[in-house]
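User: Hi! I have a structure to go through with you. Could you walk me through it while I ask questions?

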Amino acid sequence: MLARLAAALGAIVVVALSAAPADADCPKPKPSLICVLAPTAGNSVHGTITVSPARHRDGTKGVLINANITGLLPPRTVHGWHVHEFGDVSADNGKATGGHYNPKGVVHGLPGGTVRHQGDIGNLPASDDAGSVVVQGHWVPKLRAKKVLGRALIIHALTDDGGQPTGNAGARLAQCVLGVAGPAKD
Ligand SMILES: *[C@@H]1O[C@H](CO)[C@@H](O)[C@H](O)[C@H]1NC(C)=O
Ligand SMILES: [Cu+2]
């Protein structure tokens, strides 16, 4: 009886030891996401977007978005961009990605506003004379990188004016799926 109890306890200790993480003292690196744009039919927008978890000075959690996008024609135009619900880029018009990522079922808005879809990341800066934009550290409060992993990012033809229901941003020029990024290269 006692021997059997000791054996059972031994088994529990072994299980507990093998389950203990070897690197318990190392903080887990936070995943960053990467999205490589492909143009929808009839368009020529290409680019790469990264999404990194960040915390604002006031303690708000969110993400910082970097992007380098070309083919935003005509030149000097402002294009809305959003996280859309599904990572399905099988439709050549971008429509298989569904609507904006909006888990709370609220109304549309822009990142500075009090109410908005979580996928409402606003507008790109105006494209330059060549139709390109480079974005460094576009802050989006309350968006969580791990919640958008596997969803799509859409670049629209028109400016998101914040209007209902989806900002009047027009056709979808390019789409990509947010995936796990490798180690930072810069
Ligand atoms: C943006 O991408 C283009 C190629 O598409 C590259 O030539 C350029 O160096 C990139 N710019 C930045 C700031 O990464
Ligand atoms: Cu959109």
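User: Where is the place of Asn168?
Analyst: Asn168 is in the loop between strand 7 and strand 8. Helices (H or I, at least four residues) and strands (E, at least two) are DSSP runs, numbered from the N terminus. This is a predicted model, where local features need pLDDT of at least 70 and side-chain atom pairs count only at pLDDT 80 or more, while totals for chains, interfaces and linings use all residues; side-chain values use heavy atoms, with hydrogens and water left out. Residues are numbered from 1 along each chain as its sequence is written, and chains are lettered from A and ligands numbered from 1 in the order in which they are written.

User: Thanks! What about the phi of Asn168?
Analyst: Asn168 has a positive phi of about 55°, although it is not a glycine. Most residues other than glycine have a negative phi, and most peptide bonds are trans. Asn168 is also partly exposed, at a relative accessible area of 45%. The cut-offs are under 20% relative accessible area for buried, over 50% for exposed, and partly exposed in between, with a 1.4 Å probe and protein chains only.

User: And Lys142, what is its phi near?
Analyst: Phi of Lys142 is near 70°, again a positive value in a residue other than glycine. Lys142 sits in the loop between strand 6 and helix 2 (145-148), and it counts as exposed because its relative accessibility is 60%.

User: Which peptide bond ending at Pro165 is cis, and what is omega near?
Analyst: That is the bond from Gln164 to Pro165, with omega near -5°. Pro165 lies in the loop between strand 7 and strand 8 (172-177). A cis peptide bond also joins Leu73 and Pro74, with omega about -5°, and Pro74 is in the loop between strand 3 and strand 4.

User: Let's zoom out. How many helices and strands are there in the protein?
Analyst: The protein has two helices and nine strands. From the N terminus on, the elements run α-β-β-β-β-β-β-α-β-β-β.

User: How much of the protein is buried?
Analyst: Of its 186 residues, 34% count as buried. The accessible surface comes to about 10700 Å², and 60% of that belongs to carbon and sulfur atoms. Those areas come from the Shrake-Rupley method with a 1.4 Å probe; for residues, only the protein chains shown count as cover.

User: What about contacts between residues 24 or more positions apart?
Analyst: They account for 63% of the contacts with a separation of 6 or more. Contact here means heavy atoms within 4.5 Å.

User: Where does pLDDT stay under 50?
Analyst: That happens over residues 8-23, for which the model has zero contacts beyond four places in sequence. The protein averages a pLDDT of 85, and 82% of the residues score at least 70. pLDDT is the predictor's confidence in each residue, from 0 to 100.

User: On to the metal. Which residues coordinate the copper ion?
Analyst: His82 (ND1), His84 (NE2) and His156 (NE2) coordinate the copper ion (ligand 2), at 2.0 Å. Donors are N, O and S atoms within 2.8 Å of the metal (3.2 Å for Na, K and Ca); water is not among the atoms, so sites may look incomplete.

User: How are the donor residues spaced in sequence?
Analyst: The spacing is H-x1-H-x71-H. His84 in strand 4 and His156 in strand 7 (residues 152-156) link distant parts of the chain, 72 residues apart.

User: Is His84 buried or exposed?
Analyst: His84 counts as buried because its relative accessibility is 1%. His156 counts as buried too, at 5%.

User: New topic: how many salt bridges does a search of the whole structure find?
Analyst: It finds one. Arg76 pairs with Asp129, and their closest N and O atoms are 2.7 Å apart. Arg76 lies in the loop between strand 3 (61-70) and strand 4, and Asp129 in the loop between strand 5 and strand 6 (133-141), so the pair ties together parts that are 53 residues apart in sequence. A salt bridge is a side-chain nitrogen of Lys or Arg within 4 Å of a carboxyl oxygen of Asp or Glu.

User: Are those two residues buried or exposed?
Analyst: Arg76 is exposed, with a relative accessible area of 56%, and Asp129 is exposed at 61%.

User: Last one: what does Asp88 touch?
Analyst: Leaving out residues up to four places away in sequence, Asp88 touches Ala96, Thr97 and Gln175. Asp88 lies in the loop between strand 4 and strand 5.
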